[in-house]
Amino acid sequence: MSRSVFGAGLLIRAVHSVLSWGVTAVLFLHDTDLYHQEDDWIYLQPLTFVAAVMCSVALHLGVSLMDPGYVYMDSDEKSFPADDEQEMMSLKPSPVRMRRCGYCLLKQPMRARHCKSCQRCVRRYDHHCPWIENCVGEKNHRVFILYLTVQLMVLFWAFCLAWSGFQSDFSWSGWLRVNVFLLLAFMLISILTMVVCLLLVCHLYLISCNSTTWEFMSYHRIAYLKQCDSDTNPFDRGIVRNLWSFFCTCGTVAWERVYLTETYNAV
């Protein structure tokens, strides 16, 4: 289930589109390296850059409208391991206590959290991102990472193009008059590049540890993590398996199964 295009976040999506195409227009209106090519493929770089901007805008629209993994019904407790493993676990008190949300009254699966902005419980909740006006959760986290990657590539490219477009002038006032819009675009590109780069690096680090932003920031307040050591993550199965699980696993994951397996293996 996706969200309405004209629903919450319409202003944010409009601002993102206006900034993206506004900066693109400034780069085209100034004497940047977009057209400085000596071969017959003079329009190859401009068309490629426009295509990259379109891809970035489309990904932003997609991730802002996607269902991040809303919980629509009580979590199915039958997703726990069965047979011998289940019998072994039944001999010991389970450290997992299914929690019922105090807002929407649904039984939350493990790693889910209620978002007050979206007014929904979200599976494998990471955070609520104001730039997309949507939660980042189990279903749209990979698309969010893809969006950040494409956006960072576009910003790096735009940074180089903006730098190449500054025109020299004998006086400061004359230079500022010629380059004022390009300077504003360059400053905006620089700020966004640092923010997106930092955000992408942080997310890739947490993904490699199989952790979420919410779990990282609230480790000592989360029931299923308080029982573990401060340097232990019950969902961490090594960098390679964590990355493979994140990027290559389709559908929802029964995190109760992973948690119980790792917990009883550690006993």
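A: In this predicted model, H4 gives the largest share of the lining of the second largest pocket, seven residues. The lining has 24 residues in total, and His16, Trp131, Gln151, Leu155 and Leu192 lie nearest the centre of the pocket. Besides helix H4 (141-164), the elements that give two or more residues to this lining are helix H1 (10-29), helix H2 (44-65) and helix H5 (172-208). By residue class, the lining divides into 19 nonpolar and five polar residues, with no charged ones. The space in this pocket is about 370 Å³.

Of these helices, H2 has 22 residues and spans 32 Å from its first C-alpha to its last, close to the 32 Å expected at 1.5 Å a residue. Its buried residues are Gln45, Pro46, Phe49, Ala52, Val53, Ser56, Val57, Leu59, His60, Val63, Ser64 and Leu65. The cover over the buried residues of H2 includes H1, H4 and strand S6 (134-136).

H4 and H5 also have a neighbour in helix H8, whose buried residues pack against both. In H8 (residues 239-248), the buried residues are Asn242, Ser245 and Phe246. Viewed down the axis of H8, these buried residues fall within an arc of 95°, so they line one face of the helix. The face of H8 turned away from that buried side carries Val240, Arg241 and Trp244, which are exposed.

Definitions and conventions. Residues are numbered from 1 along each chain as its sequence is written. This is a predicted model: local features need pLDDT of at least 70, side-chain atom pairs count only at pLDDT 80 or more; totals for chains, interfaces and linings use all residues. Side-chain values use heavy atoms; hydrogens and water are left out. On a 1 Å grid over the protein atoms alone, a cavity is a set of points where a 1.4 Å probe fits but cannot get out, and a pocket is an open set with protein on both sides within 12 Å along at least five of seven lines; lining residues have an atom within 4 Å of a point. Grid points are joined across faces, edges and corners, and a volume is the space filled by probe spheres set on the points. Helices (H or I, at least four residues) and strands (E, at least two) are DSSP runs, numbered from the N terminus. Ala, Val, Leu, Ile, Met, Phe, Trp, Tyr, Cys and Pro count as nonpolar, Asp, Glu, Lys and Arg as charged, and the others, Gly among them, as polar. Buried means under 20% relative accessible area, exposed over 50%, partly exposed in between (1.4 Å probe, protein chains only). The arc is that of the directions from the helix axis to the C-beta atoms. Contact means heavy atoms within 4.5 Å. The expected span of a helix is 1.5 Å times one less than its number of residues.
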